[in-house]
Amino acid sequence: MHSILVVDDDPTVAEVVTGYLERAGFAVDRAADGPQALRLAEGRRPDLVVLDLMLPGMDGLEVCRRLRAGEAPHMPVIMLTARGDEDDRILGLEVGADDYVTKPFSPRELVLRVESVLRRGGGPAGGRRPGPELAAAGIVLDPAARRAVKDGRELSLTLREFDLLAHLMRHPGQAIGRERLMQDVWGWEFGDLSTVTVHVRRLRGKIEDDPAQPKLIQTVWGVGYRFDAREEG
């Protein structure tokens, strides 16, 4: 059984979300603020965190930053944003959220997002075959172990970053549109394409020698992105 940590200071929202997740077969812990969330995340190591952006004191952005900088950098995070402001969504993605859901939301939609993230994490709920090891341009990905190494140095990738890199590496030299990446990596038929843009930017910051002049993940203007595995020199 997967465990979920729900972090929201609104007891009504937290209770409704918890009820839907428990009926879907998840074990759920609840936290009402950032410090409590960090303690539970460190002590119980949930499989996923549902994290409200607007928390008292330490907001959701800071909680997400600390999760990513702590002992569980790969723990999936779904951010709940109270406003439809694109800046809020992008900020959440920039600090490491894997997905987001905008309030007001359908609890059923949130459950589907949780299941989608866990399924793409290769856990037992998904039953997905992780596929063979991938290697190109000094990068080695082991999908079974969810481990990424570049030039002998382990990369700290979030779940979505890992999946995005794996997908690009499986299709070297192919220009792939953002809509296709959203479908193939996120499993969404529609959504905010800035989600893909932000994840590409974050991924470049971790695998490129100079993210400002990327060599591995090329932008194909008017189309999307291409993984270029050619060795220079």
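At the start of helix α3, a side-chain oxygen of Asp59 reaches to within 3.2 Å of the backbone nitrogen of Leu61. This is a predicted model.

**Helix α3**

- Helix α3 covers residues 60-69.
- Its buried residues are Gly60, Leu61, Val63, Cys64, Leu67 and Arg68.
- Seen down the axis of α3, these buried residues fall within an arc of 160°, so they line one face of the helix.

- Strand β3 spans residues 48-52 and is mostly covered.
- Five of its five residues are buried.
- The side chains of β3 point two ways: Leu48, Val50 and Asp52 go one way, and Val49 and Leu51 go the other way.
- Residues on both sides of β3 are buried.
- Strand β1, residues 3-7, pairs with β3 in the parallel sense, over four bridges.
- Strand β4, residues 77-81, also runs parallel to β3, and four bridges join the two.
- Follow Val50 to see both pairings. It is the bridge partner of Val6, and its own bridge partner in β4 is Ile78.

**Helix α7**

- Helix α7 runs over residues 178-186.
- Leu181, Met182, Val185 and Trp186 are its buried residues.
- They cover an arc of only 100° around the axis, which puts them on the same side of α7.

**Asp228**

- Asp228 lies in the segment after β12, a strand that covers 224-227.
- Is Asp228 buried or exposed? Its relative accessibility is 9%, so it counts as buried; the cut-off for buried is under 20%.
- Asp228 is in contact with Lys215, Leu216 and Gln218, leaving aside its neighbours within four places in sequence.

**Aromatic rings**

- How many aromatic pairs does the structure hold? The number is zero.
- A ring does take part in another arrangement: the charged end of Arg23 sits over the ring of Tyr20.
- That charged end of Arg23 is 4.8 Å from the centre of the Tyr20 ring.

Technical notes. Residues numbered from 1 in each chain as written. Predicted model: local features only at pLDDT ≥ 70, side-chain atom pairs only at ≥ 80, totals over all residues. Heavy atoms only, no water. Phe/Tyr/Trp six-rings, centres within 6.5 Å; stacked < 30°, edge-to-face > 60°. Lys NZ or Arg CZ within 6 Å of the ring centre and 35° of its normal. Buried < 20%, exposed > 50% of the residue type's maximum accessible area, 1.4 Å probe, protein only. Pairing = 2+ DSSP bridges. Arc of directions from axis to C-beta. Polar contact = N/O pair within 3.5 Å; in protein donor to acceptor, adjacent residues only side chain to side chain. Contact = heavy atoms within 4.5 Å.
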